[in-house]
Amino acid sequence: MNAQPPTNLRHILSRGLFWLLVLLIAAYTMLPFFYAISISFRTNAQVLVQARYLPEAPTLVNYQNLFSDRAFMNTMLNSAVVATVTVLLSLVVGSFAAYALGRVEFRGRMGVLYLVLAMTMFPQISVLSGLFRIVNDLGIYGSTLSLMFTYPHLHDAVHGLGPHQLLPRPAGRD
Amino acid sequence: MTLVPPGTTRRRPTEQEAIALELVSALLMFIGLVAFGYLFYAVTTNDDIRTATQGPTIPGIGVEVVKIEPTSDAEQPYFELRPVPNGPAAASGVLRGDRLTLIDDTEITPDMSIEQVRALIAEEVTPPGGDDFVINIGFARPQADGSLQPATRSVPKNVAPVFIIAFLQNFGIVIPLLLIVLGAVIFRLGTRLRRYDIVAARWSLVVLLWLMVGLVVVAIRNFWVDGKGGFITDQPFNVGNGLGSALPPLLAIIPLAIASRWLSGAVNDLFVGDETLTSRNTRFAWSLLVPTLAVLILVAGQPLEQTFITSLTDDEFSVSRPVQFVAFENYSNLLSVQLVLVNCQRDDEGACARTPNGSIIWERSSIETEEAQRLRELSSAERRGFVRFQEVSTTPLASGTGLRILGRDPTFLNALGNTIYFTVVAVTLELLLGLIIALVVNSNFRGRGLMRAAMLVPWSIPTVVSAVLWQTMMRPDQTGIFNRLLMDLGLISQPQQWFANTGPWMASIIAVDVWKTAPFMALLLLAGLQVIPGEVYEAASVDGAGKLRQFFSVTLPLLRPTIAVALIFRTLDSLRVFDVFQVLLDTRRPSMATYNYDRLVAGRLAGYASAVGVLIFILILVFTVMYVRIVRIEQE
């Protein structure tokens, strides 16, 4: 790689440090996740007594309970349905706008971009009261329909075409 | 699309064509007028607005006046107030069997007519900002021994909403504005069509197309909703009802379709004029934007504007008191800040007195004393609307004085401070960490693909779940793996209470958030790193630049726009931070978003909470505009 022949020791040292860094990053991002897997094989009582890196007597009881729970299966189904519908809706509606904003130079482009961006700036929590009112007025409170109706609004469709466009394109890209 | 060569002269329209054009133009003008007409009709027939402009139709206070004729001759007739079922403020009415004696200092005598008593409690609309919300009612309550015990009670008036609030709550800002603007634009298109203007003709085609699509959507919605008798019902689907209500919009499509068909046939034949490329592009872009803007306005714009409107009122959930327009009172209560110098309390030796755990005891400031005095002089009705200045924090300065920050809502100001501190520190750490991760996974090594997947694990876990996971890991005793690990490594000797008020709660929260979002930062930066062409590095290498020099002179400048985008994304999210604060700290130490939620759900103060939301929005806006400006200036 380098023009001059590297001193051997320096090369080994820098490779070693690099791999140490890789290892550190992997540990940092993965360990909490592994710990979550680890405690999923322990009973509630065991977890509440003493923290352990590995389960003392691995058990599948949590998974048994989870998969025999009708409510859990329902939540999975709900998530799948809501996700599918909202993604499709956002995609269909959003792709038109994304094309117009991304490819066409026109009057009012910046205005639309700022409007879209501004809408993503409202904290979702504070839109709650307004959303609740509308969902209630429509009579769809408590249904997955209300989620499909409200979810796309501050999400993918809008988020995807927000802040990038306001900035000059990165140098080196055309 | 075929271009009309500039300066083409149109051929003379035939008589039929002239009539057709007149008809199409009239249709457009009619549609424009319908928009105005609909708005006018909706406003004039709205109940809330009629009540606001003409006064309430039921008397007074959601309680009914009843004259009681006693059964025995020994007693005189008397008046009672009875709560009206579902009436406004009914809950505070005088209980049954209580005898009215006074209404706002006017004595109620048995010989008064029922109309006279009603007139006493029938109130006119209180002007905005008026504070006289209460009617004081004196009554006598019969005791067990037959005697009458005097008592008083305050009942809120049935103040009708003022016009502005009634209008805003029913129609909002965006929809009326949109109707007026679109109505005017379409009307103008109609008039311009008559001049054989080609630009107007093409715009008309776009308008007609989307109107037809809109009508189809309305028809489908009507068919579905009215067929079922509502969005969610258990009734069987009634096809007749559905078709019946889908028919009018479908019929309305017919004239539009005819007009649009004729116009598209005639547009290059009859109409004249030049059109610039920009103008064509603008029309093309706007015609693509219509569906997105419609969805945005209906689904996102409405709740947003409702939030803004509610923030100007004193609205409360599940309180039947009429909503009052309070202008910016919520905001002024949230943001009022005063700075004062305070002295510490001296102990016997003249040094500052301290509490057992070592913090200085301060004296009350003059403002706090004044406000406490004022509070004592207020009547009970006035006291409710009065929010006192309270201590937010006191910073010790030299020689026994301290700088005290006073605010009308110390919790909010603390939340504001917490959020900004959190954002600045967390986003900085995320950027550094994300940059390191991105540089590592961008370089060539075996297992890079695996590493890129591993790096995204924290980001793929939902924030709430990861917050709960960290809560388990950072439990305050030996059941927390984090404590165990640090003790095994010999870094701490005692289990730490990471999220306790006296513990390092802010650092803990930031650590949890950084773990979760640094990978996202890394992902964005990685995308930026990958578009930097390799030749640039080769050139830098030939010029003799070392690795470090290459990083600072090549990588960083070329990565700057990507960093700006990543910073905007993360700052936007951090300022709205909710999940980690809510899960890990509950409401003990709020961020702005959790305070907003707390006021809304626990406090039921819809108006006040909305004002918090709008303030978060403004803060985010300021940060974003700042970033965009900085990046632009640097680019130029």
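Helix 12 of chain B (residues 410-442) lies across strand 7, strand 8 and strand 9 of chain B, and runs at about 50° to strand 8 of chain B. Helices (H or I, at least four residues) and strands (E, at least two) are DSSP runs numbered from the N terminus, and angles, from 0 to 180 degrees, are taken between N-to-C directions of lines fitted to C-alpha atoms, for helices over the stretch in contact. This is a predicted model, in which local features need pLDDT of at least 70 and side-chain atom pairs count only at pLDDT 80 or more, while totals for chains, interfaces and linings use all residues. Residues are numbered from 1 along each chain as its sequence is written, with chains lettered from A and ligands numbered from 1 in the order in which they are written.

**The sheet in chain B**
- Three strands of chain B form an open sheet in the order 7-9-8 with antiparallel pairing, where pairing requires at least two DSSP bridges between two strands.
- Strand 7 (337-343) and strand 8 (390-396) of chain B are the edge strands, each pairing on one side only, and the twist from one strand to the next averages 25°.

**Strand pairs**
- Strand 7 and strand 9 of chain B run antiparallel and are joined by seven bridges, with B:Val337 standing opposite B:Gly407 of strand 9.
- Strand 8 and strand 9 (residues 401-407) of chain B pair in the antiparallel sense over six bridges; B:Ser393 has B:Ile405 as its bridge partner, and B:Thr395 has B:Leu403.
- The hairpin of strand 8 and strand 9 of chain B has four residues between the strands, and B:Ser399 takes a positive phi near 50° there.

**Confidence in chain A**
- Chain A averages a pLDDT of 74, and 74% of the residues score at least 70, pLDDT being the predictor's confidence in each residue, from 0 to 100.
- Over residues 152-174 of chain A pLDDT stays under 50.
- Where pLDDT is low, the predicted coordinates should not be read in detail.

Definitions and conventions. Contact = placed C-beta atoms within 7 Å.
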